[in-house]
Amino acid sequence: MIKLNVNGQDKEVDVDPATPILWVVRENLEMTGTKFGCGIAQCGACTVHLDGKPIRSCSTPISDAEGKAITTIEGLATEDGTLNKVQQAWIEAQVPQCGYCQSGQIMAATALLERNPQPTDEQIDTAMAGNVCRCGMYGRIRSAIKAAAGIEQPAAKETVA
Amino acid sequence: MKRLSAAAALMPVLILTACGSDPAPEPVEQIVVREPGAAPVEPAATTSEASEVDGEAVLIAAGQSAYAVCSGCHVVEAGAASTAGPNLHAVFGRAAGALDDFAYSDALKSSDISWTEAELDAYLADPAGKVPGTTMVAGAVQDDERRKAIVAYLKSLSTS
Amino acid sequence: MSDAETMTDTPKKKGKWTRRAFIGAGVVAGGALVVGVAVRPGNPTDRLSPMLTNGKDEQLLNAWVKVGADNIVTAIIPHVEMGQGVFTALAQMLADEMDADWSKVRILESPAIDQYVSDSIGREFIAPNLEVPEILEPTVAGGFLELVQAMGLQITGGSFSVRGTGQRAMRTAGAAAREMLVAAAASEWDVPASEITTADSMISHAKSGKSETFAKFAAAAEEQSLPAKPKLKSPDNYKLMGKPIARTDIPEKVDGSALFGIDAKVPGMKYAAVKAAPVVGATVESMDATAAKSMPGVLQILNMGDFVAVVADGYWQAQQALNSVKTTYSKTEGDKLDQASLFKRYDKHLNEAGADGGDTETEEGDVGEAFANAATKVEAEYKVPFLAHATMEPMNCTAWVRDGKCDVWSGHQSPLGARKAAAEAAGLDFDDVTYHNTYLGGGFGRRSENDNIEMAVRIAKAAGYPVKMIWSREEDTMQDHYRPSATSRFQGGLDKNGKAVSWSNIHTHLFDPADAPTVPYYNIANHKIRKIDVPTHLRFGPWRSVDHSQHGFFIESFVDEMAEAAGKDGYEFRRELLAGSKRHLAILDKVAKMSGWDKPLPEGHGRGIAFVPSFGSIIAQVAEVDMTGKKPKVDKVYVAADAGFVVNPDGFTAQMESAIVYGLTATLYGEISLKDGAVQQSNFHDYQMLRINEMPEIEVAIINGDHKRLGGGGEPSLPPLAPAVTNAIFAATGKRVRELPLSKNSFA
């Protein structure tokens, strides 16, 4: 049995200690918000927090999480369902398209703002370059991060004649 | 310009979505290891039994199991082409950045590392800390025991 | 999760049809029966009600809308949501015509049944301009429905949902529902219908001061006959259409609750990993599963002939065990092919076709004579590689085959097609298969194929219990249905004034759509366009913008080369070619103006322009590139778009941005290549994606040029991107890019 703390709750799972965190969270704990994208830490869809740090859960064994706190996308909102400021900014800027990569994007952005509340464009690039969005919503991701940081409000980018 | 037949133009789309494939074949071979719900088959050798026989073998076996998280990027079969990371067969004693079929980072190529137990251990503990600029962005093994086991497993692949 | 149908019960926010509705044969909606001839010939509400309503306090007004006792209006959307915002845009169209209160509008994805085939898309494609008298409309509409039902066409693709289903069905359904409600109220209140007004899901009669909810008259609406051609609003009366309304699917995509195919949960479900023969068409010759048999969690190891599968307690266990299975494959003709020999094969066929061979697609005038007499001759050859879709959600499917029934869970662009494929794979009747669709983690054409459905059903049938099959990213990359690799050759002639007088093109492959290689909007007196088919063993599939993705690059590169040969500016040269086409010129002029086309750029920077109408929309783009670094960097892309009338400007803009990134990824990096018949790339390390640090700034301008005939949004912003970038590279460096991706070219 491996003892875990996931989104503030203590859990025990009976799995091979080498099993990546991703599959324990998705299959054993039935929390499917964290996504499988590449399996080799190239796309960031599986990003979760381990003691507050963003990690690629597809390539990190569950044994690394023993005695540590795992936070997944399901654990960002408060108990009454209030979304965190990154999630709110994501809705405001209408970031997601297909939405599949967005759990990972939001986890990466939340971790960024926790350690750097006022990131520059370059720091946003560095922190978010590990997260692929095939729908290409990088411009909106950037403005949503800035909005969540209070740096700027998302501006309407289209004009209709 | 000649007007194209729109109906003809639609046909590929329709064929694409409307047509089924050949009748689906049944399995050529079906190996049923276990029915769901049935108790898992015990592994051939348990750790406790084996440890009496050979401590090193246990460590290598543990390393082989722990290596699973590395296997997404690194193959270990002799002669197999490198994938997302370099082939780690016979990595022991090899100079860092030595394989021709893998595009190493400049950082690793100029690191002057020759892979030993100590070097691999330090690198696996924190790749970017040991070699700043490495493209190995994931796969750090924080657990000391597991790291030791993985290194032992890699060593076994280099000597066998 | 407690029973097999929880997947369909759970997402109430999205409003899937419920289990009770589906299996509750005894539950019938409270008498709601409305003959909706124009909307659905031979009105099916009596059959649909049990599936789509809760049977008590909801009324199905026609196939596309229901009204609840709580005055909630539910739009029933016959398309799938893959991020393009179709749920919201189609609901906007219906709700606007119905005068529904947007805050009380909900969305329900239609089930995979043949009442929800894409007949409006079929009609938009086959006979877009066909207008018939009201009396004939039911017959004509019924004819199209029958035709499309016979084809089993239920497709989300071709940038067709808004312009086809939205414009033809959703608006009509909304207007029809409104007229029925008004007629019911008029009858009840005994006042003329003409005196009744509707707004915000309320029906009012000013003279008497009466005002009631839609819900109040929903049941009575069944007494009213539905007009074949209800009156639609003119644009100045639109309240919801044309507004950037927030997408309804976004909230559940930021809290992890949105369910994709890979998230299906079925009790007792096990997991399968698969590996198909690396060379398509080969079969498994031998399988050695010795190691896998003793690996943890393994339940079954299957040699399915064309692929091997391992079923285990968990997906990771299945994949680990599969990695240890040793297989050999049969030899095929495809084994001999690599990328260089494929391009040589194209050359051979093109050479053999010569000046007159191949299949002529369009021809006017005499290109041979015009080219021979041209003052300036321009010739060029372009090449593009195969491309994979690389949806973020790898291909997957969950299936359960038991007791003569089959349930399938997946996210698919053609739910009806998936259901048919599942029935064939399971050896069951269509009626014995229930298909459960989910959100799609990217579609781009990939999820219109049925290979994943068939594989999962075959595995589940062999296993006997529910199985979720997940492809590794490697499998997803190596077993795609690819955008064809292609070669295209051009000859162009200019007269002594630099005016284009001949245009000749021959290219490999024609997949879809047929107009992709053609340039009817360019005014060139003599032209001839031909294709040759060159067989390969690889599977082709529709890839975002399909053939326009390569022909946009070919055509707009060559136009630029002709402009250069004519000594003219690329923008001015295109203006001459478009002379007389007012809408086309408006878009070209707009993009030139917004990009500051005439303004100088710093050394090493360049601007390129491209113009490609596709999927009913007219798009021009200007790209700005910075060539001062190690590799090309695209700083900014300007887009001017005329899609007729844009229903949701923010959603449309997001589609413009998205297609630009999809196109830019292909332009910079996209290459699937063959070695010994197998795909060489396998994951994101060697099939690279654009990332945030390479994201250009994008500015979009929308011109609404025709509110009656709409254009598509999902694809048309892709084709102009590559040539805008390569034309900009030429402007900056003088180097003409004739082969994609850019990573194959040296700019040192």
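Predicted model: local features only at pLDDT ≥ 70, side-chain atom pairs only at ≥ 80, totals over all residues.
Chain C, which has 748 residues, contains 21 helices and 27 strands. Of its residues, 62% count as buried. One pair of residues separated in sequence is formed by Leu108(C) and Trp64(C), which are 44 residues apart along the chain and 9.4 Å apart in space, taken from C-alpha to C-alpha. Leu108(C) belongs to strand β4 of chain C, which spans residues 105-109, and this leucine counts as buried because 21 other C-beta atoms lie within 10 Å, where 20 or more are required.

The largest nonpolar core comprises 308 residues, and those with the most contacts inside this core are Ala75(C), Val310(C) and Ala422(C). Helix α7 of chain C, residues 161-189, gives the most to the core, with 13 residues. In soluble globular proteins, nonpolar side chains tend to be buried together. The surroundings of Val310(C) can be given in detail: when residues up to four places away in sequence are left out, Val310(C) touches Ala272(C), Ala273(C), Ala292(C), Val298(C), Ile301(C), Ala318(C), Ala321(C), Leu322(C) and Val325(C).

In chain A, five strands form an open sheet with mixed pairing, and their order is β2-β1-β5-β3-β4. The edge strands, each of which pairs on one side only, are β2 (9-13) and β4 (53-56) of chain A. Neighbouring strands of this sheet are turned against each other by 40 degrees on average, with direction ignored. Strand β1 of chain A, residues 2-6, pairs with β2(A) in the antiparallel sense over five bridges, and Asn5(A) has Asp10(A) as its bridge partner in β2(A). Helix α3 of chain A, residues 102-115, packs on the sheet, where the helix touches β3 (47-50) and β4 of chain A, and its direction makes about 35 degrees with that of β3(A).

A further helix of chain A, α2 (residues 85-92), has Val86(A), Gln87(A), Ala89(A) and Trp90(A) as buried residues. These residues lie on the same side of α2(A), because they cover an arc of only 160 degrees around the axis. In general, an α-helix has 3.6 residues a turn, so residues three or four places apart point the same way. The cover over the buried residues of α2(A) includes α3 and α5 (138-148) of chain A, together with α9 of chain C.

The contact between chains C and A takes 58 residues from chain C and 51 residues from chain A. On the side of chain C, the elements that give two or more residues are α9 (251-254), α11 (315-324), α20 (649-668) and β27 (697-702), and α20(C) gives the most, with nine residues. By class, this side of chain C has 33 nonpolar, 14 polar and eleven charged residues. The contact between chains A and B takes eleven residues from chain A and 13 residues from chain B. The side of chain A that touches chain B has five nonpolar, four polar and two charged residues.

Most residues other than glycine have a negative phi, and most peptide bonds are trans. In Gln94(A), phi is positive, near 50 degrees, and this residue is found in the loop between α2 and α3 of chain A. Gln94(A) counts as buried because 21 C-beta neighbours lie inside 10 Å. Asp403(C) also has a positive phi near 50 degrees and is placed in the loop between β15 (396-402) and β16 (405-410) of chain C, but Asp403(C) is exposed, with 6 other C-beta atoms within 10 Å. Two peptide bonds of chain C are described here as cis: the bond joining Asp512(C) and Pro513(C) has an omega of about -10 degrees, and the bond from Leu740(C) to Pro741(C) has an omega near 0 degrees. Pro513(C) is found in the loop between β20 (500-508) and β21 (526-532) of chain C, whereas Pro741(C) is in the segment after α21 (721-733) of chain C.

Notes. Residues numbered from 1 in each chain as written. Chains lettered and ligands numbered in written order. Helix = DSSP H or I, 4+ residues; strand = E, 2+ residues; numbered from the N terminus. Buried ≥ 20, exposed ≤ 12 C-beta atoms within 10 Å, placed from the backbone. Contact = placed C-beta atoms within 7 Å. Nonpolar A, V, L, I, M, F, W, Y, C, P; charged D, E, K, R; others polar. Core = buried A, V, L, I, M, F, W, Y, C linked by C-beta atoms within 7 Å. Pairing = 2+ DSSP bridges. Axes fitted to C-alpha atoms, helices over the stretch in contact; angles between N-to-C directions. Arc of directions from axis to C-beta.
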